[in-house]
Amino acid sequence: MNMVRIKAGGREREYPEGTTYWEAAKEFQQHYPHDIILAGEGTQLIELNSPMTGDREIRFLTTAEQSGHKTYVRGVTLLMLRAFYHVLGDRGLENVFVRHMLGDSCYCEAEGITVTPQDLDQVKRYMRELVEKDIPFEKRSVSTSEALEIFERYKMYDKKCLFEYRRVSRVNIYTLDGFQDYYYGYMPPSTGILKYFDLELYRDGFLLHLPNKKEPEKLSPFRESPKLFATLQEASQWGRMV
């Protein structure tokens with residue numbers, strides 16, 4: 001069995017070739033104050049579910065770093081979408097849109113249904129169930145035509161329209177608990193790391209509350225900003241019209 005030697009943060013470990021960075025991160029985690037969510041080598045970022053090949057010196061990135069925080073946000077967003085389609089899909093839910101950021105919260109809107117506090121409680125409970133199950137995010141490369149079929153199936157017509165004009169032949173699709181979606185950027189290794197979030201009704205939609213990278217284990221208090229919200233909503237509306 002071939003072994004690979006990994007050096008990170010001044011410490012070295014050996015692993016069988018093909019072991020994922022995620023397995024290595026679990027051993028290194030005790031030396032980091034926040035959750036490890038990505039790896040890096042030089043200027044390249046590496047998802048933790050990737051297999052290790054060859055001796056190398058790497059660094060681990062946590063949720064307190066810019067790239068790590070963005071990865072956390074992507075993961076919770078996909079987790080939320082999966083929960084919405086599972087809990088409310090048979091109620092006529094057409095789509096869930098993440099409109100824009102308000103501080104450390106994402107403002108979202110659902111089409112096809114009126115979301116109630118009880119709905120959000122069900123969605124939040126299912127999200128926490130998936131976190132407890134520690135389900136991996138699976139990535140696969142598919143043809144653009146297959147991606148269009150996926151977006152059609154989930155009624156993601158905005159993404160379907162966008163991809164009809166893409167010139168690349170293949171794209172990366174992430175799967176979580178049977179739900180598939182496209183994301184540009186890196187994803188966490190599994191749902192178990194996504195412990196900090198909340199949902200709250202807001203205006204015509206709802207807020208997905210997230211931690212700030214300075215305190216990644218704590219949700220920031222939401223600060224109302226009506227003028228900013230109105231400006232972002234107007235910009236979003238103009239974007240849809242264009």
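This is a predicted model: local features need pLDDT of at least 70, side-chain atom pairs count only at pLDDT 80 or more; totals for chains, interfaces and linings use all residues.
**Rings, burial and a sheet**

Biologist: Arg13 lies over the face of Phe28, at 5.2 Å from the ring centre. What makes a charge count as sitting over a ring?

Modeller: NZ of Lys or CZ of Arg has to be within 6 Å of the ring centre and within 35 degrees of the ring normal.

Residues are numbered from 1 along each chain as its sequence is written, and side-chain values use heavy atoms, leaving out hydrogens and water.

Biologist: What makes Tyr32 and Phe60 an aromatic pair, and is it stacked or edge-to-face?

Modeller: Rings of Phe, Tyr and Trp (its six-membered ring) pair if their centres lie within 6.5 Å; planes under 30 degrees apart are stacked, over 60 edge-to-face, and the rest tilted. Tyr32 and Phe60 sit 6.2 Å centre to centre with 90° between the planes, so edge-to-face it is. Tyr32 is in the loop between helix H1 and strand E3, and Phe60 is in strand E5, 28 residues apart.

Biologist: What are the rings of Phe84 and Phe206 called as a pair?

Modeller: Stacked, because their centres are 4.9 Å apart and their planes are at 20°. Phe84 lies in helix H2 and Phe206 in strand E12, so the pair ties together parts 122 residues apart in sequence.

Biologist: How do you know whether Thr63 is buried or exposed?

Modeller: Buried means under 20% relative accessible area, exposed means over 50%, and partly exposed is in between (1.4 Å probe, protein chains only). Thr63 has 4%, so it's buried. Phe60, at 5%, is buried too, but Tyr32, at 21%, is partly exposed.

Biologist: Why are strands E8 and E10 at the edges?

Modeller: Strands are DSSP runs (E, at least two residues; helices are H or I, at least four), numbered from the N terminus. Two strands pair if DSSP finds at least two bridges between them. The open sheet runs E8-E9-E10, with antiparallel pairing. E8 and E10 each have a single partner strand, so one side of each is left without a neighbour in the sheet.

Biologist: How do you know that E9 and E10 pair?

Modeller: They share four bridges, and the definition asks for at least two, so they pass. In E10, Tyr182 is the bridge partner of Ile173.
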